[in-house]
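Thanks for coming, everyone. Please take a look at it first.

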Amino acid sequence: MKLETPRKERHMGILDSIRTLTELNKELASIEAKRALAEVIDDLISAQTRIAELECEVRQLRTQIQFTAEVVHKDNAVWTKSGEGPFCSRCVTVTGKPVRLIIRNDGYRRCPECKDEPQTEEWERRADAAARTRQERVRRELE
Ligand SMILES: [Zn+2]
């Protein structure tokens, strides 16, 4: 059975190793040995930094995957099952990133991230009706 070392303990283990190696480096006599050990310490610090970056990325991706699995697509947008939204369907689908749509007072929606403008079917019906009314008015004025 494989037991995983908790992340915090693993980080402390690496930091302790770096401290130990740094102390050991002070006691080394030869310049070459000191230089070689200093390079090992630098490599360890770089690896530790990269591990921290990757762990952060994994946490973000897990959050995105969990969000994507728990949403409902309706009316040209994405909603959480608890009713939060609307989020941009395009951004959630392409990047997994929940970007909330900006909604004007007249109901017009726009994504601040990808600039998509996914309107509700009701908003599009009202916009089409308003456009037809304007066209009708212009046609009557021209007659
Ligand atoms: Zn978007």
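Where does P86 lie? P86 is in the loop between β2 and α3. Helices here are DSSP runs of H or I with at least four residues, strands are runs of E with at least two, and both are numbered from the N terminus.

Before going further, two ground rules. This is a predicted model: local features need pLDDT of at least 70, side-chain atom pairs count only at pLDDT 80 or more, and totals for chains, interfaces and linings use all residues. Residues are numbered from 1 along each chain as its sequence is written.

The peptide bond from G85 to P86 is cis. Its omega is near 5°.

Now the overall layout. The protein chain has 4 helices and 4 strands. Along the sequence the pattern reads α-α-β-β-α-β-β-α. The radius of gyration is 29 Å, whereas a compact globule of 143 residues would be near 15 Å. That radius is taken over C-alpha atoms, and the globule rule is 2.2 Å times the number of residues to the power 0.38. Along the principal axes, the C-alpha atoms fill a box of roughly 100 × 40 × 20 Å.

How much of the protein chain is buried? Buried residues make up 6% of the 143. The cut-offs: a residue is buried with 20 or more other C-beta atoms within 10 Å of its own, exposed with 12 or fewer, and partly exposed in between, with C-beta atoms placed from the backbone.

Helix α2 covers residues 31–69, which is 39 residues. From its first C-alpha to its last, α2 reaches 57 Å, close to the 57 Å expected at 1.5 Å a residue. The expected span is 1.5 Å times one less than the number of residues.

Helix α4 spans 121–142. It has 22 residues and reaches 32 Å, close to the 32 Å expected. The number buried in α4 is 0, so α4 also lies largely in the open.

Next, the hairpin. Strand β1, residues 71–74, and strand β2, residues 77–80, run antiparallel and are joined by 4 bridges. Pairing here takes at least two DSSP bridges between two strands. V71 has T80 in β2 as its bridge partner. Between the strands of the hairpin sit 2 residues. D75 in the turn has a positive phi of about 50°. N76 lies in the loop between β1 and β2. N76 has a positive phi too, about 60°, although it is not a glycine. With 19 other C-beta atoms within 10 Å, N76 is partly exposed.

K115 is another non-glycine with a positive phi, about 65°. Its place is the loop between β4 (109–110) and α4. K115 has 9 other C-beta atoms within 10 Å, so it counts as exposed.

Now the core. Which residues form the largest nonpolar core? There are 8: A77, V78, F87, C88, C91, V92, L101 and C111. Such a core is a set of buried Ala, Val, Leu, Ile, Met, Phe, Trp, Tyr and Cys residues joined through C-beta atoms within 7 Å. The elements giving two or more residues to this core are β2 and α3. In soluble globular proteins, nonpolar side chains tend to be buried together.

Take A77 in strand β2. A77 is buried, with 23 other C-beta atoms within 10 Å. Contact means C-beta atoms, placed from the backbone, within 7 Å. Beyond four places in sequence, A77 contacts G85, P86, F87, S89, L101 and P118.

C91 comes next. Leaving aside neighbours within four places in sequence, C91 contacts K97, V99, C111, E113 and C114.

So what about V99? V99 is in the loop between α3 (89–95) and β3 (102–103). V99 counts as partly exposed because 18 C-beta neighbours lie inside 10 Å. Outside four places in sequence, its contacts are F87, C88, C91, C111, P112 and E113. V99 and F67 are 32 residues apart in sequence and 11 Å apart in space, C-alpha to C-alpha.

One last figure, on contact range. Of the contacts in the protein chain with a separation of 6 or more, 27% join residues 24 or more positions apart.

Definitions and conventions:
Contact = placed C-beta atoms within 7 Å.
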